[in-house]
Amino acid sequence: MVITSLENKEIKTYAKLKQKKYRDSEKRFLVEGKHLVEEAKRANLLLKVIVTNEDEYNFPSKLMVTQDIMKKLSVLETPPNIIGVCKMREEEELANKVLVLDGIQDPGNMGTIIRSAVAFSVSSILLSNDSVDFYHPKVVRATQGVLFHVNILRRDLSSEILRLKERGYLIYTTDVEDGEEIQNITFQEEKKIAFVMGNEGNGVSDTVKKLADKKIYIKMNPLVESLNVGVATSILLYELEKKKVK
């Protein structure tokens, strides 16, 4: 059976998942396109697929809809032929190497950072409450499915960093004026570390910066005042991976 009504109760419920408040309350979100649907299935987070051509995709629990309904559900200018309804990944205990994000606002930056984190063996990310929603459609697309394979928690950073320090984590943050070059730092003896990266315009907040144990920076050509936070995070995580910090 093909669902044709835009007022269909189930369709209206899924359409609400384009809004953060409904994603949060339902603990579900949408992904668009075959690749993201397959990645969600691989991570055991896929609940249902919505398609415009039943024979084109070999997924269980399919819901056949019209192109008009797909347009209602999609956030893309050109809607795909398949959308997945996914459940959110359950939170896990933080690993010994944690990436902390303080006020990241741009979905593209967030997506880049999440991909780099997984690429360089960071399995836990801690977000401030004012960071962009990591289930935002643009973040999900930017991660290309990597989002499904990383543990992400949203917390009040000040209190959470204090808890990390009590558990023996050493807190690093970036500071171009007082920091030490990342290339010169030795991490081998430190079992638990957390790296704090800050907002695109203002950097790490003063409140969080005061909680840091050490400050670092990336040495670069003085003609360049600063790096995009996604690029800077990727470089720092690469240096960590090079130094075999697990």
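Two strands are said to pair if DSSP finds at least two bridges between them, where strands (E, at least two residues) and helices (H or I, at least four) are DSSP runs numbered from the N terminus. Strand S4 (residues 62–65) runs parallel to S1, to which two bridges join it.

The model is predicted, so local features need pLDDT of at least 70 and side-chain atom pairs count only at pLDDT 80 or more, while totals for chains, interfaces and linings use all residues. Residues are numbered from 1 along each chain as its sequence is written, and side-chain values use heavy atoms, with hydrogens and water left out. The pLDDT, the predictor's confidence in each residue from 0 to 100, averages 91 over the chain, and 96% of the residues score at least 70. Confidence is highest in strand S2 (residues 28–32), at a mean of 98, and lowest in strand S10 (residues 180–181), at 79.

Strands S1 and S4 belong to an open sheet of five strands, ordered S1-S4-S3-S5-S2 with mixed pairing. Its edge strands are S1 (2–3) and S2, each pairing on one side only.

Phe148 counts as buried because its relative accessibility is 4% (buried means under 20% relative accessible area, exposed over 50%, partly exposed in between, with a 1.4 Å probe and protein chains only). Beyond its neighbours within four places in sequence, Phe148 is in contact (heavy atoms within 4.5 Å) with residues including Phe29, Val31 and Leu36. The C-alpha atoms of Phe148 and Leu36 are separated by 9.5 Å, with the two residues 112 apart along the chain.
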